[in-house]
Amino acid sequence: MLHAAGLALELNALSHELDARLTQTLVEAFRCHDGLDEVAYVAAYRQCARYDLRHRQLDLVDQLGQDLQRLVPKPFIHTALKLARGPARLAGLGELHRFLDTGFHAFRHMGADAGTFVTTVVGRERAILERIRAGHPMPLEIAPSRAGMARLFELQRERAAARQADQERRPTDATAEVADSKHCGAGSATVTVDPFGNVYPCVQWRRRVGNLHEQSIQTIWRQSRELAEVRRLAVDVKQAISQHGPLGVGFCPGLAEQETGDPPGLYPAARRLLELRQPPAG
Ligand code: SF4
């Protein structure tokens, strides 16, 4: 616990020092009084950069993350933090206590994913830092790597298989059934309601199928002709896009309708997805 508090103290002080220097450069050298854009931010960052200290800052985040992950499961830690709140405030360390307390709560909610979260954030920040140092023209842009996309598709396939196994075990309502023949559950597994009571098959599929001020959700769910049409289209879409081979999970008929006017239409992001899913040549 003391080790984590020491790291938090150093991280806090270092972050304040680096942020103060950057803010001063932005205001004095770049005249950023009312707003900020990426170009000014990166230029100011380069002008006052202390890359060694920025790397130290990320080392501290990494170590503190590991410490918190190790400490969170311990049963006494939350009581100890609660008891320390008053004395910390009296000793002028209230901000540090709040920082640690917030960190503990966040890590407790993340559970086993906390390690991945810290590794991902630190890895991305280091990559950005190196792109700033190397003079990259758009250093803050983060693009997924090919390996990252491959992993995402693998996870999507695993989840789709788990969902299918789960559906096979569950009894189904004829209207709610997400049959194997449908591309997705828009209008079959879910609907979306906007602040005016309009009902849509999905947050992405903006085709109005009813309004809660005119009919009950049960009537819309069971009798809406528009919703029945969407369920039929979900079947057509599955058949239509099967001709594109690896395109499947990730294709969105709602987005397709918005961008091409046709639920199975190939919109630009779907074309890019298809390209990424083609096996590498050779
Ligand atoms: S694929 Fe698109 S339309 Fe279908 S459920 Fe997902 S977001 Fe909604």
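This is a predicted model: local features need pLDDT of at least 70, side-chain atom pairs count only at pLDDT 80 or more; totals for chains, interfaces and linings use all residues.

Trainee: How do you know how many helices and strands the chain has?

Mentor: Helices (H or I, at least four residues) and strands (E, at least two) are DSSP runs, numbered from the N terminus. By that rule the chain has eleven helices and three strands. From the N terminus on, the order is α-α-α-α-α-α-α-β-β-β-α-α-α-α.

Trainee: Why are strand 1 and strand 3 said to stand at the edges?

Mentor: Two strands pair if DSSP finds at least two bridges between them. The three strands form an open sheet in the order 1-2-3, with antiparallel pairing. Strand 1 (192–193) and strand 3 (210–211) each have a single partner strand, so one side of each is left without a neighbour in the sheet. Strand 2 (residues 198–200) is joined to strand 3 by two bridges, and Asn198 has Asn211 as its bridge partner in strand 3.

Trainee: Why is Gln57 called buried, and why does Arg31 count as exposed?

Mentor: A residue is buried if 20 or more other C-beta atoms, placed from the backbone, lie within 10 Å of its own, exposed if 12 or fewer, and partly exposed in between. Gln57 has 20 other C-beta atoms within 10 Å, and is therefore buried. Arg31 has 9 C-beta neighbours inside 10 Å, so Arg31 counts as exposed. Gln57 is found in helix 3 (residues 51–71), whereas Arg31 lies in the loop between helix 1 (2–28) and helix 2 (38–47). Arg31 also has a positive phi, near 55 degrees, although this residue is not a glycine. In the chain of 282 residues, 17% are buried.

Trainee: Which residues is Gln57 in contact with, beyond its neighbours within four places in sequence?

Mentor: Contact requires C-beta atoms, placed from the backbone, within 7 Å. Gln57 is in contact with Leu11, Leu14, Ser15 and Leu18, leaving aside those neighbours.

Trainee: What makes a set of residues a nonpolar core?

Mentor: The set must consist of buried Ala, Val, Leu, Ile, Met, Phe, Trp, Tyr and Cys residues joined through C-beta atoms within 7 Å. The largest such core has 19 residues, of which Ala186, Tyr200, Trp205, Val209, Val230 and Ala234 touch the most other members. Helix 9 gives the most to this core, with six residues.

Trainee: Which residues surround the ligand, and how does its shell divide?

Mentor: The surrounding residues are Cys184, Gly185, Ala186, Cys202, Gln204, Trp205, Cys252, Pro253 and Gly254. Ala, Val, Leu, Ile, Met, Phe, Trp, Tyr, Cys and Pro count as nonpolar, Asp, Glu, Lys and Arg as charged, and the others, Gly among them, as polar. The shell therefore divides into six nonpolar, three polar and no charged residues.

Definitions and conventions
Residues are numbered from 1 along each chain as its sequence is written. A residue is near a molecule or strand if its C-beta atom, placed from the backbone, lies within 6 Å of it. Two residues are in contact if their C-beta atoms, placed from the backbone, lie within 7 Å.
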